[in-house]
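Work through the exercises below with the sequence and the structure in view. Each task is followed by a solution in steps.

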Amino acid sequence: MNQPDPYLLDLLARDTWTEEECRWLLHYLEHTPGTELRGYLLERFRRQGITVPDSALQARLLDRIHERIRPQGETPVVPLRRRPWKTAAAAAVIAAIAGGAWFFTQPSGKQPQQLAKQATPADRKDVLPGGNKARLVLANGRTVSLEQAAEGRISGDGERVNKEDDGLVYEPSTHSGINKLITPNGGQYRVQLADGTIVWLNAASCLQYPASFNGSDRTVALTGEAYFEVAQDASKPFFVKVNGMTVQVLGTSFNVNAYPEEKSFTTTLLQGAVRVVAGKRQTTLAPGEQSVLEQHSGSLRRAAADTEDAVAWKNGILTFRNDELAAVMRDISRWYDVEIIYAAGIDEKIHVTGAMRKQEQLSQALKILELTAELHFSVQGRTVTVSK
């Protein structure tokens, strides 16, 4: 058998694995076809009652991982079934493995020694993942850093807004001044609007909304990405304004991805019904569908959607499905608040597929990319250089 790298040897010497170690081994297993090491890993999983799944075995494998992969040692690790985000996270991992790819760009002949060399560059330094960070701009112009603000009432000239459990909660009032919730790179935040609508705001995004909806409709404006669970009120339709596009809602759950630097804006519907209007073009979505507005051409089309992928970011997962490398790295940049530089010869348009936990530190996220793609990453401060 080819000699595996020290990290693999360390894992394979153990009787059981933590959640993170199990995921790493499953990733590696899927991307070492035709090697003795792959055979060894298959046999090891077989001894633990775990098999590499096809689509019919995904749920069964997930159950087996829950039951058989248990943390050991002095440092406790919460089992998969106890994680609050376990359903979406585990589903994303298993679906990626069963679908045959985390990242399709790895050549089949890549050897463990090469992987070990790439996975542990001497110049790598950890960058912590993002978290609940945002600033609130009240109608009177006052700015509040929510990361530093204490829980309780945030005064705002009649605006009734409270910070509760790392989120904002508005109460109905007579004040309808416009507020702004702004997340930086490396930040995300949740807000419950005065009508009961809940919005999860992704990194590098901005939501503008009235402190209370006192008119005939409920209109908010978005830049970036957000997931909405709209409170039903047939007498007051809900509108999301996004850079020339309008999403009209009565009561529903949907995701809008509208970063200005991306090629297209997508609206993905989970429940209910929405109408997307862009200029003279419009389309109505049913659950499980998404609209795609191409920024360059202005075309608007409707397509089937993977709703789990669309909202994975809210559930703690960075997920990519046949996306261009440049788009993937923009997601990395937004979440870890780092600058991305491409060395000469790097094709930013290669397509990659995969997923990773948003709780990963930058080094682990980059390790996953290195293990599964013909890429190398070096980190200097908050700058990541991508090379061959």
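Helices (H or I, at least four residues) and strands (E, at least two) are DSSP runs, numbered from the N terminus. The model is predicted: local features need pLDDT of at least 70, side-chain atom pairs count only at pLDDT 80 or more, and totals for chains, interfaces and linings use all residues. Residues are numbered from 1 along each chain as its sequence is written, and side-chain values use heavy atoms, with hydrogens and water left out.

**Exercise 1.** State where Glu 151 is placed and whether Glu 151 is buried or exposed.

Solution. Step one: find the loop between strand 3 (143–145) and strand 4 (152–154), which holds Glu 151. Step two: apply the cut-offs, where buried means under 20% relative accessible area, exposed over 50%, and partly exposed in between (1.4 Å probe, protein chains only). Glu 151 counts as exposed because its relative accessibility is 54%.

**Exercise 2.** Describe the pair formed by Tyr 170 and Tyr 209.

Solution. Step one: rings of Phe, Tyr and Trp (its six-membered ring) pair if their centres lie within 6.5 Å; planes under 30 degrees apart count as stacked, over 60 as edge-to-face and the rest as tilted. The structure has five aromatic pairs. Step two: Tyr 170 and Tyr 209 are edge-to-face, with 5.3 Å centre to centre and 85° between the planes. Step three: Tyr 170 is in strand 6 (residues 167–170) and Tyr 209 in strand 10 (residues 205–210), so the pair ties together parts 39 residues apart in sequence. Both Tyr 170 and Tyr 209 are buried.
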